[in-house]
Amino acid sequence: MKYVKILSLVFVVALLAGCGNEKEFTTTCTLTSNDVVNNYKLDTEYKIYGKGKVANKVVTIETVTSDDEDILDYFEDTLKETYDSVNEIYGGYTNTIKKEDNKIISETTIDYNKMDLKKYVEDNSIIKSYVNSNNEMLAEGLQTLYESLGATCK
């Protein structure tokens, strides 16, 4: 009887922990763009979180630095409108923007478990190569996308 309890406990722990080889991961990609003509600098960090080959979410921090208040206002409005619009259509987006010391800091989380990826792929056919047959976002695809923009990923 004692062994049955121990085996049951081991079974439950294994079931809760998962027996698969899929490991959780975080990949960080960074991109800096210095637009001297238009007087701003954009630093972007993309953190991809996932398990196995699938990305569950991405947290993006975009920091726009400029001495020109009009440029900061433009980026603040554009970022807010863009993320609000995409969230209305596909869901899964949360975005906060704050303005401080000649900077706009936008933090956006895209939760692929809440997002309508099927609709997103239908509307953006290029994304089809970045999802698997279950319409799950592939981490490798996101990394390739960010690197194509000029980001460095680790």
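**Exercise 1: hairpins**

In the hairpin of strand 4 and strand 5, which residue takes a positive phi?

*Solution.* Before we start, note that this is a predicted model, in which local features need pLDDT of at least 70 and side-chain atom pairs count only at pLDDT 80 or more, while totals for chains, interfaces and linings use all residues. Residues are numbered from 1 along each chain as its sequence is written, and side-chain values use heavy atoms, with hydrogens and water left out.

Step 1: find the strands. Strands (E, at least two residues) and helices (H or I, at least four residues) are DSSP runs, numbered from the N terminus. Strand 4 covers residues 93-100, and strand 5 covers residues 103-111.

Step 2: look between them. This hairpin has two residues between the strands, and Asp101 takes a positive phi near 40°.

Step 3: With two residues between strand 2 and strand 3, Gly52 has a positive phi near 65°. The hairpin of strand 1 and strand 2 has four residues between the strands, and there Asn39 takes a positive phi near 65°.

**Exercise 2: the overall plan and the sheet**

Work out the order of the strands in the sheet.

*Solution.* The protein has four helices and six strands, and along the sequence they follow the pattern α-β-β-β-α-β-β-α-α-β.

Step 1: see which strands pair, meaning that DSSP finds at least two bridges between them. Strand 1 and strand 2 run antiparallel and are joined by 12 bridges. Strand 2 pairs with strand 3 over 11 bridges, again in the antiparallel sense. Nine bridges link strand 3 to strand 5, and eight link strand 4 to strand 5.

Step 2: The six strands form an open sheet in the order 4-5-3-2-1-6, with antiparallel pairing. Strand 4 and strand 6 (152-153) are the edge strands, each pairing on one side only.

Step 3: check a few partners by eye. Phe25 has Gly50 in strand 2 as its bridge partner, and Ser33 stands opposite Leu42, also in strand 2. Lys51 faces Val54 in strand 3. Val64 is partnered by Ile104 in strand 5, while Thr96 stands opposite Glu107 in strand 5.

**Exercise 3: buried or exposed?**

Is Thr27 buried or exposed?

*Solution.* Buried means under 20% relative accessible area, exposed means over 50%, and partly exposed is in between (1.4 Å probe, protein chains only).

Step 1: take Thr27, which lies in strand 1. Its relative accessible area is 13%, so Thr27 is buried. Contact means heavy atoms within 4.5 Å. Leaving out residues up to four places away in sequence, Thr27 touches Tyr46, Lys47, Ile48, Gln143, Cys153 and Lys154.

Step 2: move to Glu22, in the loop between helix 1 (2-17) and strand 1 (24-35). Glu22 is exposed because its relative accessible area is 53%. With the residues up to four places away in sequence set aside, Glu22 touches Lys51 and Gly52. Glu22 and Lys51 are 29 residues apart along the chain, yet their C-alpha atoms are separated by 5.9 Å.

Step 3: zoom out. Of the 154 residues of the protein, 31% count as buried.

**Exercise 4: the largest pocket**

Which helix gives the most to the lining of the largest pocket?

*Solution.* Step 1: know what counts. On a 1 Å grid over the protein atoms alone, a pocket is an open set of points where a 1.4 Å probe fits, with protein on both sides within 12 Å along at least five of seven lines; lining residues have an atom within 4 Å of a point.

Step 1: list the lining. There are 23 lining residues, and Tyr83, Tyr93, Ile110, Tyr120 and Tyr146 lie nearest the centre of the pocket. Strand 2 (40-51), strand 3 (54-65), helix 2 (69-90) and helix 4 (139-148) are the elements that give two or more residues to this lining.

Step 2: pick the main contributor. Helix 2 gives the most, with seven residues.
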